[in-house]
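Trainee: I would like to learn how to read a chain made of helices. Please start with the general idea and then turn to the case.

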Amino acid sequence: MTAHMQQTEQQAKRPLRADTERTVQTILEAAERVLATDPAATMGQLAQAAGVARTTVHRRFATREALLDELTGWAARQFADAVDTAHPDAAPPLVALYQVTANVLRVKTDWSFAMNRTADDAHPEAARIHAEVRTTCVRLFRRAQDAGVLRPDIDLDWTRRVYYALIHEAAKEGVGGGDTDALATRVVDTLLRGAGAPAGLAGQTGI
């Protein structure tokens, strides 16, 4: 772990004053907007977009990389909150599946730049959060299978990966202005019903 990442994690653990927290959030939201369209944007451009002095940005983030690290961690935490608020371990599986999908799509749409940064060992906090979300998703899919929402013979790992791919495609439409609720419905409907017509399959041989 680099020194500036250690500094960022230490800062993230300290409680911030309300005004400082608002300033940090403003900077991160502005950084997301600007970097989503111009990944090479400078600290000065990010400060301008946030409506603060460049010195204010540097006071909180010593380097551009430190800002990007915090942006990645911030988005990962929003991602985890999106899943948790859908009550994936308590709500009826089908309800939870839809709500998780809608919530995650909103985060992926609002934080597309940060969410597309690789969540691997280069950012331990984001990697940990994404691993925890995967574990939660596995539990939800097992609950859905036990409840009869998913077929008893389905490969849950394959189904989960297909689900992720559907969310990824839907998120791209969401960034382009798509309705996240409608996209969530499309994702869940495609996952559970597929694209084939049962009547059409019934007449086929060798299936």
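Mentor: Helices (H or I, at least four residues) and strands (E, at least two) are DSSP runs, numbered from the N terminus. From the N terminus on, this chain runs α-α-α-α-α-α-α-α-α-α-α, which comes to 11 helices and zero strands. The model is predicted: local features need pLDDT of at least 70, side-chain atom pairs count only at pLDDT 80 or more, and totals for chains, interfaces and linings use all residues. Residues are numbered from 1 along each chain as its sequence is written, and side-chain values use heavy atoms, leaving out hydrogens and water.

Trainee: At roughly what angle do the axes of α9 and α10 cross?

Mentor: Axes are lines fitted to C-alpha atoms, for helices over the stretch in contact, and angles run from 0 to 180 degrees between N-to-C directions. The axes of α9 (residues 156–175) and α10 (residues 180–193) cross at roughly 155° and come within 10 Å. That makes the two helices roughly antiparallel, a label for angles over 145 degrees.

Trainee: Which residues of α10 make the contact with α9?

Mentor: Contact means heavy atoms within 4.5 Å. On α10 they are Leu183, Arg186, Val187, Thr190 and Leu191. The α9 side includes Tyr163 and Leu166.

Trainee: What else is Tyr163 in contact with?

Mentor: Leaving aside neighbours within four places in sequence, the contacts of Tyr163 include Leu97, Val100, Cys137 and Phe141, as well as Val187 and Leu191.

Technical notes
Parallel < 35°, antiparallel > 145°, perpendicular 65-115°, else oblique.
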